[in-house]
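Reader: Please take a close look at one part of this model for me. I would like the open space and the elements around it, in one connected account.

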Amino acid sequence: MDTTREIREFLATRRARITPEQAGLPAFGNGKRRVPGLRREEVALLAGVSIDYYVRLERGRLAGASEEVLDALCRALQLDDAERSHLHDLAAAQRRRPTRRTPRRAKDAVPASLKRVLESMTGSPAFIRNGRLDILAVNDLGRALYAPLFTAAAPTPVNIARFQFLDPTSRGFFPDWNASVDTTVALLRTEAGRAPGDTELTGLIGELVTRSDEFRTAWAKHNVRLHHTGRKVFRHPAIGEITLDFDAMQLPGEAGLTLTAYSAEPGTPERDALILLASWAATSSDEAHQDASRP
C-alpha cells in the first residue's frame, strides 16, 4: 500500500465532508465554493497550525507530526474513534519502514485451545477471522450459518470479502447488501492502515478493485470503522431470513485475530430461527455422514 497516497486521500475525503457551518466557522472568501467541505486554510485554523504546514500534512507527510498535532487534526476534522485510530496508524506506518508480513496464517495457526472454545459454543454461531476477513476457524453452527460460503468450490481459507463481491449469491445471502458492503470495505480499509506491509491484503484489495465496480466505488470513500457489536440480517437458503446480534472481540493473545459470535435473546423469533438453524445443521451433518458411509 502507498501510505503517502492513503494519507493524502484520507485527509482530503474527511475535509470534503465538513462544511464551515458544521465546524462553527464563517466561510472564507466570497461566492460559491468550487469544492465541497472545508478549505485547507480552514482546517489549519481549526487545528492551530500554519496553512503551509497543513498542506504538507495533507500531501501525505505525517511522519514528523507529533501526537498533539495528530489529535488536533482529529478534532478539526471531527473524526470518530475508528477514523482517529486510522490516522494514527497511517502516521505510524509512515514513520517505520513497512516489513513484509509472513504468509497468511494456516488453519493450525489458531491455537487448539481457541478451537476448543469455538466447539464448546454449541448455541452460538462463531468463527475466528484475521484482518483480511479470512475465516480461519469456525464452529458447526457458524459453518451452518455461513453455508453459502463453505461450498466445495470455495478457496481455502474462506474469505468474506471475496464471497461478498465476487459471488453473485451474496446479494441474496446479505439482504441489506449495501450496508454490508460498507462494513466490509471499511474493515479492510482499517486493516490496510494497521498493516500496510501485508502483501496478501494488498493482493486481495487489488483483486477486488479490478473485478468489482461496487468494491472500487466503496474503497474510494476511505471510510473506516470499528466493528464490535450490532445486529446482522441473513437470508439463509434453508431456513429463510434470520436476524442475529453479534459481538466481535479481538483476541489479545493472538494479534490480528478476532472472534465473532452471534446470539439471539431467549423467547424471541430470532432465537427460534437459531434453533431451527441448529436442527438443519444436525440433519445436514447426519445426511453427509450417511452419504460418506455408502459404498
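Author: β1, α9 (160–166), α11, β3, β4 and β5 each supply at least two residues of the lining of the largest pocket. This is a predicted model. Of these elements, α11 gives the most to the pocket lining, with five residues.

Now the pocket itself. The volume of the largest pocket is about 390 Å³. It is lined by 22 residues, and those closest to its centre are S180, T183, H227, K232 and F246. By class, 12 of the lining residues are nonpolar, six are polar and four are charged.

Next, the strands. The sheet is open and has five strands. Their order is β2-β1-β5-β4-β3, and they pair in the antiparallel sense. The edges are held by β2 (135–138) and β3 (229–236). Each of these two has a single partner strand, so one side of each is left without a neighbour in the sheet. On average, neighbouring strands are turned by 30° against each other, direction ignored. Helix α7 (residues 112–120) packs on this sheet. Helix α7 touches β1, β2 and β5, and its direction makes about 155° with that of β1.

Strand β5 spans residues 258–263 and pairs with β1 (residues 126–129) over four bridges, in the antiparallel sense. Along this pairing, A126 stands opposite A261 of β5. R129 has T258 of β5 as its bridge partner. With β4 (residues 240–250), β5 forms six bridges, again antiparallel. There, Q250 stands opposite T258. Five of the six residues of β5 are buried, so β5 is largely enclosed by the rest of the structure.

The largest cavity has a volume of about 30 Å³. Its lining consists of M1, T3, E6, L90, A192, G193 and P196. By class, that lining divides into four nonpolar residues, two polar and one charged. Two helices, α1 (3–16) and α11 (177–194), each supply at least two residues of it.

T3 lies in helix α1. Is T3 buried or exposed? T3 has a relative accessible area of 11%, so it counts as buried, the cut-off being under 20%. Leaving out residues up to four places away in sequence, T3 touches L90, A93, Q94 and P196. Two of these contacts, L90 and P196, also line the largest cavity.

Technical notes:
Residues numbered from 1 in each chain as written. Predicted model: local features only at pLDDT ≥ 70, side-chain atom pairs only at ≥ 80, totals over all residues. Heavy atoms only, no water. 1 Å grid on protein atoms, 1.4 Å probe; cavity = no way out; pocket = protein on both sides within 12 Å on 5 of 7 lines; lining within 4 Å. Points joined across faces, edges and corners; volume = space filled by probe spheres on them. Nonpolar A, V, L, I, M, F, W, Y, C, P; charged D, E, K, R; others polar. Pairing = 2+ DSSP bridges. Axes fitted to C-alpha atoms, helices over the stretch in contact; angles between N-to-C directions. Contact = heavy atoms within 4.5 Å. Buried < 20%, exposed > 50% of the residue type's maximum accessible area, 1.4 Å probe, protein only.
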